[in-house]
Amino acid sequence: MRNSEEIIREILNKRGLVEEADISEYLSPRPQKTYDPFLLDDMKAGVDLMLSEIEKGSRICIYGDYDADGVTATTVMSRGISELTDNWFYYIPSRFEEGYGLNRGAIDKIRARGADLIITVDCGCVSYKEVEYAKAAGLKVIVTDHHTIEDTIADCIVIDPKKPEKFLKDSSRKYPFSDLAGCGVAFKFVQALQRQAGLPRNMLNDCLDMVAIGTVGDIVSLRDENRTLVKYGVEIANSGRRKSLSKLTKAISIDEINSESIAFGIVPHINATGRMASASEAVELFITGSDRVMDDKVAKLIICNRERKRIQEEAYENCLDLVSGEENFIVLRVSDMHEGIAGIVAGKLKDRFNRSVIIVTPTGDGYLKGTGRSIPAIDIYDILNCHSSLFERFGGHRSACGFLMKEENYNALVEGIDSCMDRLIEEKDDIFECIREADTTLTPGEATCRLARELQALAPFGEGNPNPRFIMKNVIISGLSFMGDKDIHARFFACERENIRKQQVSCVLFRNARENREALESGKPLTLYGSLNHQIWRGQERVQFIVEEIL
């Protein structure tokens, strides 16, 4: 039987961490993997221009986005700029009236408010026409973004870790990590600003909670530098340093901030404002110093999220009627879906049917808006980029995308997607197989409190760094009891056949107990797939195996 150290080392080895230095860094509560912000192409030019404009008394506009990454990036950038000037404001476009990214109407409004310089966060890298329009209006533009750049790039200072080599001003200074979120790139700009202007380092700590929330919320890889940023950010978030965040977490019953509570509690409430009202409500929550404003904004976030859930469930049920289950790629044209929840519904359909999903809704003026979510085996950006000529606007990444197109191009898009999928299936006929990948096998005797506790050193968990999954083979079930409405949950012990009385672990199966009742009551050896959960209950430490599937 292996001890916890041996099991954890096996998990890390499987995830590509073999060298002692890498393992030590990974397990450290104080990771150091971070990079010089000036390695980002155009960073020096961007910081120099910002400082020059501030010195001249120019008015600065921070141009954000309406999701959690955009909200937190706007908050981070505002913290850095406010250390140097009060002559700034922010602008978040409306999801409903303007859509994602820079647009001419917004530029006109920003110019009317006296701005001299726009700095974008989480958008703008491919907004060539919009940047040209801004420059023609007399505005200077700095773009900070993290989205994919193909053949078109904005003709201005563009700070983006994904910038292709052909667009680099200095190909010898390539940033070592390309998967920063938008808030991460904004933080690197603030970090560079702090160094160049000699600002207090403490201001960087003020930003890290927002970086953690935005990074987890944008589902980028929690490896490398992102892991460092999120680890420190979670620590800052739990310290109570940002009063508004503490008020929000208390109101939504979050006791501890971690990657899970961020992903399933904090981020949905931030996103709900952009989906149902205006994401400016969330930005105001995080930048205000007024208790009254904080309380008001927290209440609004909760109301927006409650309404989002209601209409989301209704829309999801309606969409289920439109899916046959035979599609290789689900494209739904829906006439009356609330635009703010299309992406969530697409994601739920993707999870249910294990297919990539696009939901298309009319704008009312001859155009269609599309929102897509994809399964891991399919690069939705790559598929849609093959048909980029059909779009008026298009952007995204491997797992999610959005576009605007003329209604007349809809059929051509569907036909093009079908052709791409036919080719992919011909190349790989098992593309839709659900593969349950386990980090290692585990015996009931190895599933100890110590192992569950020490596994927390691998956190934060999320994209690129999932909570470890285990397979327990040929175990005997005892002490079975069913729970919940219509017995949908089950609790039991899993024991080794040859060690039934000595080696056992408490197990819980959520939601799927009815479907697995026959296997659970059969008395036959079973193989379980799931994860370990560490708990402290009334001062007592305990471990549970959370069963995700009976194989």
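Biologist: Where is Ser531 found?
Modeller: Ser531 sits in strand E15, residues 526–537. Strands here are DSSP runs of at least two residues (E), helices are runs of at least four (H or I), and both are numbered from the N terminus. This is a predicted model, where local features need pLDDT of at least 70 and side-chain atom pairs count only at pLDDT 80 or more, while totals for chains, interfaces and linings use all residues. Residues are numbered from 1 along each chain as its sequence is written, and side-chain values use heavy atoms, with hydrogens and water left out.

Biologist: Does Ser531 count as buried or exposed, and why?
Modeller: Buried, because its relative accessibility is 8%. The cut-offs are under 20% relative accessible area for buried, over 50% for exposed, and partly exposed in between, using a 1.4 Å probe and protein chains only.

Biologist: Which residues is Ser531 in contact with?
Modeller: Leaving aside neighbours within four places in sequence, Ser531 is in contact (heavy atoms within 4.5 Å) with Asn467, Pro468, Arg469, Phe470, Gln544, Phe545, Ile546 and Glu548.

Biologist: OK, and how do E15 and E16 pair, parallel or antiparallel?
Modeller: Antiparallel, over 10 bridges. Two strands pair if DSSP finds at least two bridges between them. Gln535 stands opposite Arg542 in E16.

Biologist: What about the hairpin of E15 and E16?
Modeller: That hairpin has two residues between the strands, and Arg538 takes a positive phi near 50° there.

Biologist: How does E14 pair with E16?
Modeller: Strand E14 (residues 504–509) and strand E16 (residues 540–550) pair in the parallel sense over three bridges. Leu509 has Val547 in E16 as its bridge partner.

Biologist: And E13 with E14?
Modeller: E13 and E14 are antiparallel, with six bridges. Cys495 has Gln504 in E14 as its bridge partner. E13 (residues 489–496) is mostly covered, with six of its eight residues buried.

Biologist: How many bridges join E12 to E13?
Modeller: Seven, and the two strands run antiparallel, with E12 covering residues 470–483. Their hairpin has five residues between the strands, and Gly484 takes a positive phi near 80° in it.

Biologist: Switching to helix H11, where does it bend?
Modeller: H11 bends by about 40° at Val267, and a proline, Pro268, follows within four residues. The bend is the angle between axes fitted to the seven residues ending at a residue and the seven starting there.

Biologist: Is H11 mostly covered, or mostly open?
Modeller: Mostly covered: 15 of its 18 residues are buried.
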